[in-house]
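I opened my notebook to look up a few things in one structure.

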Amino acid sequence: MSLLVVGLSHRSAPVSVLERASLPAEAQAKLLQDTLAAEPAVEAAVLATCNRIELYADVDKFHAGVAELSTLLAQHSGVGLDELTPYLYVHYEDRAVHHLFSVACGLDSMVVGEGQILGQIKDALALGQELHTAGRLLNDLFQQALRVGKRAHSETGIDRAGQSLVTFGLEQLAAGADVAGWAEGKRALVIGAGSMSSLAAATLARTGVAEIVVANRTRARADRLVEILVQPGGTGVAARAVEMAAVRDELTRADVVVSCTGATGLVLTAEAVATALGLDIDDAAETPAAPAVPAPAPADADRHAAWVENGSAGAVRQAVRRATVPAQGTGPVRLALLDLAMPRDIDGGAARLDGVRLVDIESLAEASADAPMAADVDQVRTIVADEVAAFGAAQRAAHITPTVVALRTMAAGVVAGEIARLDGRLPDLDEKQRAEITQTVRRVVDKLLHAPTVRVKQLASEPGGAGYADALRELFDLDPQTVAAVSRADLNDPNRGRS
């Protein structure tokens, strides 16, 4: 196993960089295809969310792999490599497994314990399967990550340590007030109809808003979301769908706006918000200019992870956040805006308008940095450590399986050859005698091979056990082509790793 992950997240990079580096669906597909086309990767998967972009690959060379994956991320994100490099982290083999399992459990999320990441990991695996870029290693890895994440949520109270970004965002908008009391009777506008927007609409409905209006570029998806919201036995909220062109008109009636689209430009400008509230954009409060925050420039990619982990990246990130979070307007809140998109949907300048409160990914990161950690987090970390060890052992054991199968195939061939020769020497044997002799020879061979094959699997599953497969092939003079054929048959199994 030579698993490598190169990426950046809210823990290593300011939101302004994450925003520019975000990958739409078509860019993710092209990144995967280009990763496989370039050496030294043989498998690839990309995990792209609103606060992380990670490229996973099975590589045969570490240094070349880091350089190639870093370059590809820069090319497809549109952020120059020199600018992107200080914010990248690198994890290899067991550390890469530990990282993904931690991500799946919500330990690395902006809001610790949130469960939405499991759906995003599932989507990443599905894309890799659809494009045939996820092979045996990444299929096993992502499937196991999903199981580990589900185990963490079912066996611990990690859910109490955090919540979804939607819930956390609404709490920030409520500014300490009870969310249900704050939302009661309000009119909400939800822009977008994807998974995050659907979650936002459902959450708003449960909090007791009076009406939800859904606007989406594709009207059919907005209509479908409205159908779900108003279905019998639901929350009873009033809901309707509108075209994106009607957003400006709906702003004049809305109390709360939640936006999460895949648009590459702004969906709501400060001017549009000001117009909806009858304000003059020139009356917005001024925001102090952000001081320049220099970022270190590691000499090479090997220093990415060390630089991120030694605290320098965290210090820079916090400084950038303190410098760039916009000042909020004054007066009673007339319009509450929650921007969950990356890149952002709502102009940050809207926050400086009187009567407007804006919460976005950046301010959520700032708020969640001070959130208390639940005691259950330690239990989840123990689960992750155990699962990483188990996954590594399983992968090492699986590595030797083709060799063991090839050995037993060779032994079966020897038995068949000797029985055929016996037939030539003793042609008068009846069927019963021949069957008994054949069975006896097979039992002898099986007993001779049983202990060494079981023991070699045990030894191979331990750290440093990768060499046992080579030793077995050498001792029994196994044909490398036969071993490779067994490996290919296992890899091409159409049922392997399917979710």
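**Entry 1: the cavity.** I start with a word. A cavity is a set of grid points where a 1.4 Å probe fits but cannot get out. A volume is the space filled by probe spheres set on such points. I also note that this is a predicted model.

How many cavities of 30 Å³ or more does a search of the whole structure find? I find 1. I write down about 110 Å³ as the volume of the largest cavity.

The lining of the largest cavity has 13 residues. N51, S109, E114, Q120 and L165 are the ones nearest the centre. Which helix gives the largest share of this lining? That is α6, residues 116-130, with 3 residues. By class I get 6 nonpolar, 5 polar and 2 charged residues in the lining.

**Entry 2: the pocket.** A pocket is an open set of points, with protein on both sides. I looked up the largest pocket, and its volume is about 1,400 Å³. I count 41 residues in its lining. Nearest the centre of the largest pocket lie Q28, S195, C260, T261 and G262.

Which elements give two or more residues to this lining? I list the helices α2 (25-37), α6 and α10 (195-207), and the strands β2 (41-49) and β3 (52-59). The largest share is 7 residues, and it comes from α6. So much for the sources; now the classes. I note 21 nonpolar, 15 polar and 5 charged residues in the lining of the largest pocket.

**Entry 3: α5 and α7.** A reminder to myself comes before the helix pairs. Two packed helices are described by the angle between their axes and the distance between those axes.

I took helix α5 (residues 94-104) with helix α7 (residues 136-155). They pack at an angle of about 45°, and their axes are 8 Å apart. α5 and α7 are therefore oblique to each other. I looked up the hand of the crossing of α5 and α7, and it is right-handed.

Which residues make the contact? From α5 I note V97, L100, F101 and A104. From α7 I note L141, F142, Q144, A145, V148 and G149. The residues of this contact of α5 with α7 are 8 nonpolar and 2 polar, with no charged ones.

I then listed who meets whom. A27, K30, L31, D34 and T35 belong to α2. They meet L69, L72, L73 and H76 of α3. I sort the residues of this contact of α2 with α3 into 5 nonpolar, 2 polar and 2 charged.

**Entry 4: backbone spots.** Is the peptide bond from M342 to P343 cis or trans? I find cis, with omega near 5°. P343 sits in the loop between β9 (335-339) and β10 (356-360).

My last stop is H132. Its phi is near 60°. That is a positive value in a residue other than glycine. Where is H132 found? I place H132 in the loop between α6 and α7.

Definitions and conventions: Residues numbered from 1 in each chain as written. Predicted model: local features only at pLDDT ≥ 70, side-chain atom pairs only at ≥ 80, totals over all residues. Heavy atoms only, no water. Axes fitted to C-alpha atoms, helices over the stretch in contact; angles between N-to-C directions. Helix = DSSP H or I, 4+ residues; strand = E, 2+ residues; numbered from the N terminus. Parallel < 35°, antiparallel > 145°, perpendicular 65-115°, else oblique. Left-handed = near helix turned anticlockwise from the far one by under 90°. Contact = heavy atoms within 4.5 Å. Nonpolar A, V, L, I, M, F, W, Y, C, P; charged D, E, K, R; others polar. 1 Å grid on protein atoms, 1.4 Å probe; cavity = no way out; pocket = protein on both sides within 12 Å on 5 of 7 lines; lining within 4 Å.
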